[in-house]
Amino acid sequence: MKRSLCLLLTAAFALILLPLSGCSKGEDRDIYRISASYKEGTLRAEMDFTYHNDTGETIDFLAFNLFGNAYREDSAYRPVSSAFAAGAYYAGESYGDMEILSVSSCASWQVCGQDENILRVELTEPLSPGDTATVSLSWVLSLARVNHRTGIAERAVNLGNFYPVLCVYEESGFYECEYYADGDPFYSECADYFVTLRAPAGYTVASSGQISSATADGAEKIYEMSLENARDFALVLGEDFSVAQGEACGVQIMYYYYDDQSPAECLELIEKSLTYFSETFGVYLYQTYSVVQTGFAIGGMEYPALVMVGDHLSGIDRDYTAVHETAHQWWYAAVGNNQLEDAWLDEGLAEYASALFFDAHGEYGLTRERLVSAAGTAYKALYTVQAQIFGEADTAMDKKLGEYLSEYQYVVLAYNKGMLLFDTLRTALGEKRFFTGLEKYYRDFAGKIAEPEDLAASFRRSGSDAGGIIRSFVDGTAII
């Protein structure tokens, strides 16, 4: 996700003036078969979910994240921070929820978790390693009026995280994601998606998946979509969309917009950035890529094969956000990570990849030197303010979302310091070893989940020991 420059400056001033407060499944991927119908702010849906037990352990239950429940009036974890609430809730306070109606082919089920954010499904019998189980779910997603990932934006309907998402299984069990506002609280394995959507005929549908058919049915239209080896699936519906289409590296590119005076220029930028990242890091995973202008108060948001770019952005802010979200197709969509625990791993790399792109394309007026310098300035400002208030600065990057002292601290450490880390690695390792290491990191972990140690190991296997530098940045001991 990308915060726009003006919002970051607002958060920076708030920090200074106010006290701080506190897919590794291979060929046996899971399968989501979703059938949904959208009408007047409500999505009704059913899903057959097929789970392949590759944990090496016997499983008694499945756990799913219910991200749509974060929009409840009584939710403990607010989906939008106070710094961005005014721009997000354009019509005043508004709420939604995710009501599970039924779960079948199971022994029992319950909605639980710290914030009614987990659906726990007890299996009819223990599932041994290597075995497969299918459960069927139905739910109703009521949408808040909000310029955010999931909601009715001012001129479109954003359907990110609209379905129950299987929690990642770790050594300690299924990892439950709380919906923190200061970041992207998502963590998921790659799976295969087959989605049918029924929507009013007046809507244009932008999809993570490739749309194989769009059939008229009276006042509605039925869309058939699919996407393989992806860790998320998202949709955006709009009545005012125009679509600019292009191509890069054999990938069909669609830019959906309703308020852009230079759509051809934006499309060209998207084509150039997808080409640059494909040539620099490795081949893009999917057949299509959609960039969607929509209401999104914070800046932009990435999903596999689809990204949202806030309609309040223009000029270089729009361009930078579009490039940053495109970089996320490599760092998050392809190479996954736990965004709650290691936000810098994808955000810092997406930021540095963006700096590399603009450095290679001087026509946009940005350079890597300028962007890295700005990141350094932001980091030093945070360091100085924290030292003055607390007597010392906490610059460790290994914080979980919710542990950051402020939204600004999160942005500076995950984005800006993350960028500084990768620029330091490039200088220390040299051009060849740095880019060889990133190519290997992408090649080895595309479609999987990576941890910080995996990044260091990729550089090490490429002939460079980057572990010390990475550790010093992450634990806060590096002198910058």
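Predicted model: local features only at pLDDT ≥ 70, side-chain atom pairs only at ≥ 80, totals over all residues.
Local features require pLDDT of at least 70 and side-chain atom pairs pLDDT 80 or more, while totals for chains, interfaces and linings use all residues. Residues are numbered from 1 along each chain as its sequence is written, and side-chain values use heavy atoms, with hydrogens and water left out.

We may begin with the hairpin. Strand 19 (residues 242-248) and strand 20 (residues 251-257) run antiparallel and are joined by seven bridges; strands here are DSSP runs of E with at least two residues, helices are runs of H or I with at least four, and both are numbered from the N terminus. Across the pair, Glu 247 lies opposite Gln 252 of strand 20. Two residues separate the strands of this hairpin, in which Cys 249 adopts a positive phi near 55°.

Turning to charged pairs, a salt bridge places a side-chain nitrogen of Lys or Arg within 4 Å of a carboxyl oxygen of Asp or Glu, and the count by this rule is 19. In one of them, Lys 400 meets Glu 178 at 3.2 Å, N to O. This pair connects distant parts of the chain, 222 residues apart: Lys 400 sits in the loop between helix 6 (368-390) and helix 7 (407-429), and Glu 178 in the loop between strand 13 (173-175) and strand 14 (191-200). Lys 400 is buried at 18% relative accessibility, as is Glu 178 at 5% (buried means under 20% relative accessible area, exposed over 50%, partly exposed in between; 1.4 Å probe, protein chains only).

Lys 399 bridges to Asp 394 at 2.9 Å, N to O; Lys 399 is buried at 7%, whereas Asp 394 is partly exposed at 34%.

How values were computed. Pairing = 2+ DSSP bridges.
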